[in-house]
Amino acid sequence: MAVGARSGHDGPEKRADGAFGDDTAGGDVTGDEQAQPPNGGTPGDDGDDAASGSDRGPKKQRSFWKELPLLVGIALVLALLIKTFLVQAFSIPSESMMNTLQKGDRVLVDKLTPWFGSEPERGEVVVFHDPGGWLEGQETPKPNVVQKFLSFIGLMPSAEEKDLIKRVIAVGGDTVSCKEGGKVVLNGVALDESAYLAPGAVPCQDSFGPIKVPKDRIWVMGDNRQNSLDSRFHQQLPGGGTVSNDEVVGRAVVIAWPVTRWATLPVPEVFDQPALNKATAAVPAGAAGLAGALPIVLWRRKKQAARHTAE
């Protein structure tokens with residue numbers, strides 16, 4: 001404790017105004033001011049009190065129920081984008097693809113790769129729009145409003161759209177044929193289709209072809225050949241039974257439902273034979289031979305012309 005310098009008494013000096021201790025450069029500090037907290041709170045408060053702290057604390061989080069509509073909206077937009085650009089679910093309405101696909105199966109169709117220029121390939125199972133007349137006279141399901149909405153955003157398989165699902169047998173430039181009770185012949189190669197045809201099914205019960213598939217079109221057939229109205233039965237329509245690549249929605253890649261039927265849909269090995277590409281490669285090879293012979297012909301003509309000039 002400091003000794004009072006002016007009073008001569010021990011202890012702090014009490015002034016007339018009731019202040020204790022020496023003056024400071026900033027003015028007197030009264031006893032009341034000493035008790036007053038620095039932030040203007042009530043006596044006994046210690047610095048920033050709880051009330052002032054709560055004013056500057058973190059804001060109260062939104063209620064879950066207020067955020068729920070926003071979350072649902074985002075989910076619906078994402079589902080619509082996925083259905084439009086990535087994958088879409090389709091329901092199998094018939095037995096034309098048994099036993100690969102059974103009636104009631106749900107398959108997921110890859111819609112992304114066609115956006116990057118990918119075209120249907122031999123052996124793929126594809127979904128395509130009705131080219132015109134294939135589903136004439138066949139009724140389509142009548143979904144309710146909820147089913148229509150869920151189908152629109154991709155959370156339910158497409159129901160109203162007139163789509164078909166078949167296996168690609170031949171692509172543009174291929175030649176395909178079949179004799180009654182025999183095997184399908186593709187570019188001169190007889191196909192062994194036992195890996196995916198329905199048990200007891202023959203490759204074709206009626207003869208057709210040979211048919212040269214036009215460029216940018218495909219020839220499709222169901223795996224259940226005795227119960228599939230595929231390219232064979234629409235040869236009288238424009239396109240001769242073939243389907244334009246532009247009509248293809250995408251490739252079916254997996255059976256998603258029921259879970260007991262879950263499986264991928266790979267391309268059968270029979271379509272990986274190099275011999276299938278020989279027919280389509282013949283034209284480029286001939287063109288290459290012509291291109292190689294042309295300089296020789298021009299050189300000989302030039303040489304002959306020079307000889308006649310010299311004579």
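This is a predicted model: local features need pLDDT of at least 70, side-chain atom pairs count only at pLDDT 80 or more; totals for chains, interfaces and linings use all residues.

**Entry one: aromatic rings.** The ring centres of Phe128 and Trp134 are 5.6 Å apart and the planes meet at 85 degrees, so I noted the pair as edge-to-face. Planes over 60 degrees apart count as edge-to-face. I found three aromatic pairs in the structure.

**Entry two: a second pair.** Next I checked Tyr196 and Phe271. Their ring centres lie 6.2 Å apart with planes at 25 degrees, so this pair is stacked. Which parts of the chain does the pair link? Tyr196 is in the loop between strand S7 (189-190) and strand S8 (208-212). Phe271 is in the loop between strand S12 (263-264) and helix H5 (278-310).

I looked up the largest nonpolar core and found 19 residues in it. Those with the most contacts inside it are Ile169, Val176, Val184, Leu191, Phe208 and Trp219. Strand S4 (163-171), strand S5 (175-178), strand S6 (184-186), S8 and strand S9 (217-221) each give two or more residues to this core. Leaving out residues up to four places away in sequence, Ile169 touches residues including Val176, Val184, Leu191, Tyr196, Trp219 and Phe271. Another core lies apart from the largest one; it has 13 residues, among them Val107, Val249, Ala252 and Leu265.

**Entry four: Val168.** I found Val168 in strand S4. Is Val168 buried or exposed? Its relative accessibility is 0%, so Val168 counts as buried. Beyond four places away in sequence, Val168 touches residues including Pro120, Gly123, Val126, Ile218 and Phe271. I also checked Val267, which is 99 residues from Val168 along the chain: their C-alpha atoms are separated by 9.8 Å.

I traced an open sheet of four strands in the order S7-S6-S5-S8, with antiparallel pairing. S7 and S8 are the edge strands, as each pairs on one side only. Two bridges join S6 to S7. I noted one of the partners: Leu186 is bridged to Val189 in S7.

Definitions and conventions
Residues are numbered from 1 along each chain as its sequence is written. Side-chain values use heavy atoms; hydrogens and water are left out. Rings of Phe, Tyr and Trp (its six-membered ring) pair if their centres lie within 6.5 Å; planes under 30 degrees apart count as stacked, over 60 as edge-to-face and the rest as tilted. A nonpolar core is a set of buried Ala, Val, Leu, Ile, Met, Phe, Trp, Tyr and Cys residues joined through side-chain atoms within 4.5 Å. Buried means under 20% relative accessible area, exposed over 50%, partly exposed in between (1.4 Å probe, protein chains only). Contact means heavy atoms within 4.5 Å. Two strands pair if DSSP finds at least two bridges between them.
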